[in-house]
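I opened the model to note how its fold is laid out and then to follow one element in detail. My entries are below, in the order in which I looked things up.

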Amino acid sequence: MPEWKKQSPLLLEGLMPLVVFVRAVDNQGFSVAARQLGLTPSAVSKQVAHLEERLGTRLLRRTTRHLSLTEAGSIFYQHCQRVLGELEEARLAMAALDERPRGTLRVSVPTVLGEVHIGSAAAAFQESIANLPRYLVLEELRSGALVSLLAEHPVTQRHIYLVYPHRQLTPPKVRAFADFLARYFQRILGQAWARP
């Protein structure tokens, strides 16, 4: 067995036993905690008993009508509250990231397309989404700070493709920019070209 499994057996258990324990303490009993979690009171009791077994210490004093923390239970409860609170804050932070596009959006396009269309489209997009910094190279191309490679090979086709890593969790900024460009080019070039 790997060393980390020996040192932290709770890592293998997941968070459910911690959630069950905290809910039982917060509600001063297994019945209310069970209702809140969609479990039976005996399932809650078993989860807490298993947690105590894994930790090697009693966390709760139980009577038929009362539940109270032991000294070890009090310490463990405080830590569990912090851990679960931090996880909830992390979840909320990730949800906030998904609300609005933000961060750097890198776009690579042929020079002509960039000068004629993408530069103005990106500027319009940036104005509509204030969280994205501007990293356009039009001025650098005009000033000569950047040079066009393969300029002797002109683009003869007029197709425009937006290529991005298509994953289940596409960043909001990429999805928003793709949608924006589809609308933008529909207005500029007409309906026929814009297909998802």
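This is a predicted model: local features need pLDDT of at least 70, side-chain atom pairs count only at pLDDT 80 or more; totals for chains, interfaces and linings use all residues.

Overall layout. I counted 8 helices and 2 strands in the protein, and reading from the N terminus I wrote the order down as α-α-α-α-β-β-α-α-α-α. Of its 196 residues, 26% count as buried, and the protein exposes about 14100 Å², with carbon and sulfur atoms supplying 56% of that area. When I took the contacts with a separation of 6 or more, 54% of them came from residues 24 or more positions apart.

Helix α4. I checked the length of α4, residues 41-55, against expectation: its 15 residues at 1.5 Å a residue should span 21 Å, and the end C-alpha atoms are 21 Å apart, which agrees. Which residues of α4 are buried? I found Val44, Val48, Leu51 and Glu52, and because they cover an arc of only 100° around the axis, they lie on the same side of α4. I set beside this the rule that an α-helix has 3.6 residues a turn, so residues three or four places apart point the same way. On the face turned away from the buried side of α4, I noted the exposed residues Lys46 and Glu53.

How values were computed
Residues are numbered from 1 along each chain as its sequence is written. Side-chain values use heavy atoms; hydrogens and water are left out. Helices (H or I, at least four residues) and strands (E, at least two) are DSSP runs, numbered from the N terminus. The expected span of a helix is 1.5 Å times one less than its number of residues. Buried means under 20% relative accessible area, exposed over 50%, partly exposed in between (1.4 Å probe, protein chains only). The arc is that of the directions from the helix axis to the C-beta atoms. Contact means heavy atoms within 4.5 Å. Accessible areas come from the Shrake-Rupley method with a 1.4 Å probe; for residues, only the protein chains shown count as cover.
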